[in-house]
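Subject: Structure handover

Hello,

Here is the structure you were expecting. Please open it alongside this note; what I found follows below.

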Amino acid sequence: MDTPIDEQQLWQDFQQGDDDAYTQLYRLHVRAMYRYGLSLVPVSEAFVLDCIHDVFAEIWAKKTRLTVPENVRYYLLKSLKTRILHLLKRHERPHLFVSQPDFDDLWAEPSSDELLMQEEESFDREQLIKRLVSQLPPRQQEAIRLRFVENMEYTQIAELLSMNRQSAQNLVFRAVEKLRSWLLPSLFYLFQDFFSSK
Amino acid sequence: MPNQYAFYSAADFVIDDAFLKHQLTPTPASIDWWNRWLSENPSQQEEWNKAVRLLEAVRLGLNDYTRTYLTPETEAMLLSRIQATNRLHDEEEAPIRSLWNQPWIRYVAAASVISLIGIGWWGQQSFQRRTQPYQAYVATLDESKIEKVNQGDKPLHFQLPDGSQVTLFAKSRLSFDNFFGKKNRSVYLSGKAFFEVKKQPNSPFFVYANELVTKVLGTSFVVQAYPNDKQVEVQVKTGKVSVFTQNDPSKAQKLSNRELEGIVLTPNQQITLNRQELRLARALVPEPQLLAQPIPLPAFEFEEAPVPQVLELIEKAYGVNIVYDAELLSSCTLTASLSEESLAQKIKLICQAIDATSETIDAQIVIYSKGCH
């Protein structure tokens, strides 16, 4: 295992005006910010880059007044989302973001026929599961990205999605459970190599 | 041992903190713990296995997200943009800080050697912040370097050791090291110069000017990069040049490669580097000139000529790209004499004749027309 980088230390150095520490923090987190930002506003790369720029410029400007975040990635993703929502609310950009909490209810689940068809059309299991993930309601997708890729705690996911911890955990559970049930028929033949390798 | 897991389903496991942590970053302790738990709860082994596969499937399904690719170029450009904003912010803050100090300085001015040192230090700091790229380049050359300076108003003409010709314009400097032509062909410019580079396919010629690097094989072009300009400009007269910025992540490769890559400019094109944002923009030069032709140019005399044919001729003569719908314009003909007109006038007159409009986008001329009847 590689030695963990002491991000708290980096953060403190950057607060003292250390350019290198600042650049290191940028390099550590810019890719996660980029993918998370793009997942929120998928069609506008330039807009996401602008927002990342704003977040980093702002922490530089306010560096002496900031506290040291417990989880730097969470802090930066949260700042990025706040920035994106702020600009979208000011109608500076076309509306591309779906944020109504009840949107989940409007989300039509694929029928079993549709699922079967997709299974037949998919060349491999990766393609199939990607399709299935893309059919989850947007907030469930966001929650599982934060959970299984960004490795966030439920409390942090809850913060990012403006809900309480229990709801965040339920959201992740619903997504996982739905994927499991959709995959159930195929788990045994499509995921055979998972069986044999374990 | 607490046994909350005794009745867990696969999905329960997947969303559990300890389970996820163990799957993503197993430690000797976590391996121990789960092995012990599984041996004590053999009935849960199957559900546990399902959970492992389910988690793998979920993460596989998120691959598009995980692998969202930010190119190194974009990453570096964004960082430079952020740093430029930060510098701007720091410079705005600096005068406020010195004003702050003023009353304090007034009170103790008489006796204060310390404050003088402080001001001296601050002055030096702000000077260093403003150090020009040219000075930084020249500092890397050794004592034997050669520097040409044109303090006057008239252009200064001279030849480089490799036979390339340089016209150095007013208030400009050009440096190169003693080995020029042997080890490399690199020159460092502050100000404006016109280069006619002797062709040496195996030894590219480089002009470093502020944040921009221009790489050529053999061609003529103008570089303008005065210390206080907000932008750097390169205009191509003949041949091809490639340009990239000093902070280009693949700069090393572009420098060493014998090919021209990056943004390649052709005659009558110019590139402008915005120094604040490090953004490159390509355009046509303000007054595109006819290209030197090996064969005499056909006269721009047209009688009932199909417009696409006319545009093709102009494209060739000026080396510019004209975008139009050939099929649509084939119904249009032109009768005109356009030999004396500039490129812009030619385009304007043609557009008037066929009731079209035109626009220049990214060094291309685009013609909008509904066709003719």
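D153(B) and K171(B) are both exposed, exposed being over 50% relative accessible area, buried under 20% and partly exposed in between (1.4 Å probe, protein chains only). They form a salt bridge, with the closest N and O atoms 3.8 Å apart. The rule for a salt bridge is a side-chain nitrogen of Lys or Arg within 4 Å of a carboxyl oxygen of Asp or Glu. D153(B) sits in the loop between β1 (146–150) and β2 (156–159) of chain B and K171(B) in the loop between β3 and β4 of chain B, so the pair ties together parts that are 18 residues apart in sequence.

Before the rest, the ground rules. This is a predicted model, in which local features need pLDDT of at least 70 and side-chain atom pairs count only at pLDDT 80 or more, while totals for chains, interfaces and linings use all residues. Residues are numbered from 1 along each chain as its sequence is written, chains are lettered from A and ligands numbered from 1 in the order in which they are written, and side-chain values use heavy atoms, leaving out hydrogens and water.

Chain B in outline

Chain B has 12 helices and 18 strands. These are DSSP runs, numbered from the N terminus: helices are H or I with at least four residues, strands are E with at least two. Of the 373 residues in chain B, 39% are buried. Contact means heavy atoms within 4.5 Å. Take the contacts in chain B between residues at least 6 apart in sequence: 54% of them join residues at least 24 apart. The accessible surface of chain B is about 20600 Å², and carbon and sulfur atoms hold 53% of it. That area comes from the Shrake-Rupley method with a 1.4 Å probe; for residues, only the protein chains shown count as cover.

Helix α10 of chain B

This helix covers residues 307–318. Its 12 residues should span 16 Å at 1.5 Å a residue, and the end C-alpha atoms are 17 Å apart, which agrees. The expected span is 1.5 Å times one less than the number of residues. Buried residues in α10(B) include V307(B), V310(B), L311(B), I314(B) and Y318(B). E315(B) is also among the buried ones. Their cover includes β14 (301–306), β16 (333–337) and α12 (343–354) of chain B. Just after the helix, G319(B) takes a positive phi of about 65 degrees.

Positive phi outside glycine

Two residues to look at here. K171(B), from the salt bridge with D153(B), has phi near 50 degrees, a positive value in a residue other than glycine. Its relative accessibility is 56%, so K171(B) counts as exposed. S162(A) also has phi near 50 degrees, again positive in a residue other than glycine. It lies in the loop between α9 (154–160) and α10 (165–190) of chain A. S162(A) has 67% relative accessibility and therefore counts as exposed.

Other salt bridges

The count over all chains is 16. One of them joins E150(A) and R35(A), at 2.7 Å from N to O. E150(A) is in the loop between α8 (138–148) and α9 of chain A, and R35(A) is in helix α2 (residues 19–40) of chain A; the two are 115 residues apart. Both E150(A) and R35(A) are buried.

Where the chains meet

The contact takes 49 residues from chain A and 39 residues from chain B. Together the chains bury about 4300 Å², 68% of it on carbon and sulfur atoms. Buried area is the accessible area (1.4 Å probe) that two parts lose on being put together, summed over both.

The rule finds 5 salt bridges across the interface of chain A and chain B. D17(B) pairs with R147(A), the closest N and O atoms being 2.5 Å apart. D17(B) lies in helix α2 (residues 17–24) of chain B and R147(A) in helix α8 of chain A, so the pair joins two chains. D17(B) is partly exposed, at 31% relative accessible area. R147(A) is buried, at 2%.

On the side of chain A that touches chain B, α2(A) gives the most, with 12 residues. Other elements giving two or more residues to that side include α3 (45–61), α7 (125–134) and α11 (192–197) of chain A.

Best wishes
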